[in-house]
2 protein chains.
Amino acid sequence: MRAELTIDLDAIAENWRALDAQSTGWTETGAVVKADAYGLGAARVAPALARAGAKSFFVALAEEGAALREALGSRPEIYILGGYMPGDLEIVREHDLTPVLNSAEQVRGFAADAPGTGCAVQLDSGMNRLGIEGLELPALMLELNALRPKLVISHLACAEEPAHPLNAMQLGVFQTLALGFPGIRRSLAATGGILLGPAWHFELTRPGIGLYGGLPFNEARPVVGLSLPVIQIRDVAPGEIVGYGGSWTATRPSRIATLSAGYADGLIRAMGGRARVFAGDTPCPLAGRVSMDLLTVDVTDLDAVPERLEVLGPHQGIDALAEAAGTIGHEVLTALGSRYARVYKGGDN
Amino acid sequence: MRAELTIDLDAIAENWRALDAQSTGWTETGAVVKADAYGLGAARVAPALARAGAKSFFVALAEEGAALREALGSRPEIYILGGYMPGDLEIVREHDLTPVLNSAEQVRGFAADAPGTGCAVQLDSGMNRLGIEGLELPALMLELNALRPKLVISHLACAEEPAHPLNAMQLGVFQTLALGFPGIRRSLAATGGILLGPAWHFELTRPGIGLYGGLPFNEARPVVGLSLPVIQIRDVAPGEIVGYGGSWTATRPSRIATLSAGYADGLIRAMGGRARVFAGDTPCPLAGRVSMDLLTVDVTDLDAVPERLEVLGPHQGIDALAEAAGTIGHEVLTALGSRYARVYKGGDN
């Protein structure tokens with residue numbers, strides 16, 4: 001019996017529509033489905049988003065783009081955020097992918113190979129991670145204009161903190177640099193940027209985490225549910241330890257349930273001793289460390305132990321679990337392992 | 001261009017032989033290949049171990065066992081550590097798997113279904129995670145003897161701390177409980193237990209992490225190498241930030257390399273600001289947070305930035321990287337993502 005991960009495609013579609021509704025009609029809403037749609041399965045998630053109305057999709061690598069093209073058919077635009085790297089020529093051409101050129105080197109490599117597909121350009125507006133710098137642009141404008149990019153993008157470093165001064169600064173830098181690309185569509189906002197307001201939306205937004213039910217999109221509908229089968233229940237006496245390192249010791253007569261999933265399934269080891277799972281409304285704390293394939297849980301306060309306990313669901317979302325693991329919802333999602341039985345709900349199919 | 005993960009099958013085989021050599025001739029050395037061989041690919045790793053001499057393999061779930069049977073053919077014994085759960089009948093029968101029964105409930109379920117394959121039994125010797133308790137045994141002995149288990153096992157909670165008193169206590173409990181199973185082979189030791197000495201070895205050992213180059217097997221040959229392509233290099237001025245949240249600020253004129261892999265690839269987010277990658281012998285600290293698909297690295301001190309930087313390899317093993325992420329080598333391995341190009345070395349093929 002495997003642990004079951006449910007993914008609500010209708011909730012993803014509804015989150016897309018809710019984020020789309022934040023913008024005025026002249027802004028298109030795209031969808032970020034990199035990292036296998038944040039671990040939820042791009043082959044199922046992306047078509048559901050396309051049916052909801054998304055026409056522009058973003059992945060990190062050309063290889064992801066090739067798989068996505070299979071799932072989406074020929075019409076949607078597929079942007080490769082990692083850009084154009086040596087060896088990408090064939091895959092980009094064959095699958096009609098649109099690299100987002102991030103550097104002078106990539107611009108020159110793409111122009112030289114001329115794969116015959118379109119391109120986009122990423123400008124760095126202050127995050128200093130990916131994108132062409134303002135200082136480099138003048139020397140590149142001739143080559144860039146010859147490529148006739150479809151889109152100019154940048155990315156915000158602190159969009160999840162609305163009051164952070166970098167948001168306004170990056171907006172100003174991007175607006176200014178984009179003046180060099182008249183008539184070309186612009187995109188700055190991911191989920192956090194959408195929530196900052198219309199000034200950040202430009203012609204195309206690129207929501208990611210908000211589609212999958214995560215902060216900073218407070219009103220997102222939850223998307224994932226994860227329940228783990230109970231393999232075994234045992235009583236332990238005060239003074240007995242549970243799990244690796246003996247890090248948990250019973251301080252009263254206790255009942256311990258052993259569940260079938262562990263850090264190899266993405267239940268991040270740092271949540272040991274800090275996270276909870278749920279039996280109905282009742283939280284049950286983890287007892288001891290997370291093992292590779294197993295969790296041990298203190299179920300002493302339950303009248304009856306159900307067949308499965310809930311890790312993600314109505315009582316605990318990805319952000320609450322992330323907090324227990326000292327991380328963010330994004331990592332909780334992308335860590336979700338391959339051993340779960342994945343069950344898709346909704347999605348018109 | 002994808003990041004490249006190399007897996008040295010010869011090193012795995014050599015680690016198996018080195019751990020096998022720790023025991024006398026009457027102890028068989030098995031191999032734990034659960035969680036897809038700790039993230040390294042059971043379909044390639046397990047046959048290499050079989051060629052080295054392993055005949056008994058351990059996985060966590062019946063579904064893993066079914067895939068492993070495909071890879072290994074009919075001869076090796078495949079034990080399912082998670083035991084026998086409702087719904088496992090068909091898969092266990094069809095793929096000739098040997099469940100390790102962990103509880104009275106599993107013993108009764110297996111006896112009732114009688115899948116026609118053999119079984120093993122796990123006894124709890126003090127870890128309180130999986131296994132039948134000593135107190136439960138008398139009431140179960142009739143049923144257990146009728147099943148004629150092939151193997152009786154238990155698991156150590158603190159084997160990585162040789163001086164921990166629980167090691168000797170668990171040894172005593174296991175020896176005593178196993179007296180109830182005369183003539184049946186016994187297994188207590190994983191990698192840590194093997195290193196504790198021959199008293200812990202019994203008739204079968206079950207090394208896992210040591211095969212894959214991790215502690216506590218100090219003398220293990222490293223197994224994995226991971227190098228990430230540099231997508232972009234930029235200069236930043238003092239005062240400029242890098243990455244999400246602006247958590248890293250340049251304090252001198254700096255050069256930043258952006259690499260193509262992030263926490264969606266298992267580069268655990270907690271290593272942000274703490275881990276290093278290597279250019280030849282020179283360590284380069286991460287600059288700022290780990291992104292989902294990207295790392296930013298301070299390469300200011302390099303004369304030239306190579307095409308790839310090394311995350312795992314001769315200069316940094318899984319345990320050193322784990323320390324930077326506040327975890328253990330096991331989690332570094334099992335987190336390794338699916339977007340890497342996996343390259344297998346050796347393994348006689």
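**A–B interface.** I started with the two chains and found 54 residues of chain A in contact with 54 residues of chain B, taking contact as C-beta atoms, placed from the backbone, lying within 7 Å. This is a predicted model, in which local features need pLDDT of at least 70, side-chain atom pairs count only at pLDDT 80 or more, and totals for chains, interfaces and linings use all residues. Residues are numbered from 1 along each chain as its sequence is written, while chains are lettered from A and ligands numbered from 1 in the order in which they are written.

Next I looked up which elements of chain A supply at least two residues each to the side touching chain B: helices H2 (34-38) and H11 (329-335), plus strands S11 (224-236), S12 (241-242) and S14 (254-259). I use DSSP runs here, numbered from the N terminus, with helices (H or I) of at least four residues and strands (E) of at least two. S11(A) gives the largest share, five residues.

**Confidence.** I noted ipTM 0.96 and pTM 0.96 for the model. Chain A averages a pLDDT of 96, and 99% of its residues score at least 70; pLDDT is the predictor's confidence in each residue, from 0 to 100.

**Ala66(A).** I then turned to helix H4 (residues 62-72) of chain A, where Ala66(A) is found. Beyond its neighbours within four places in sequence, Ala66(A) is in contact with Ile91(A) and His95(A). His95(A) is 29 residues from Ala66(A) in sequence, yet their C-alpha atoms are 5.6 Å apart.
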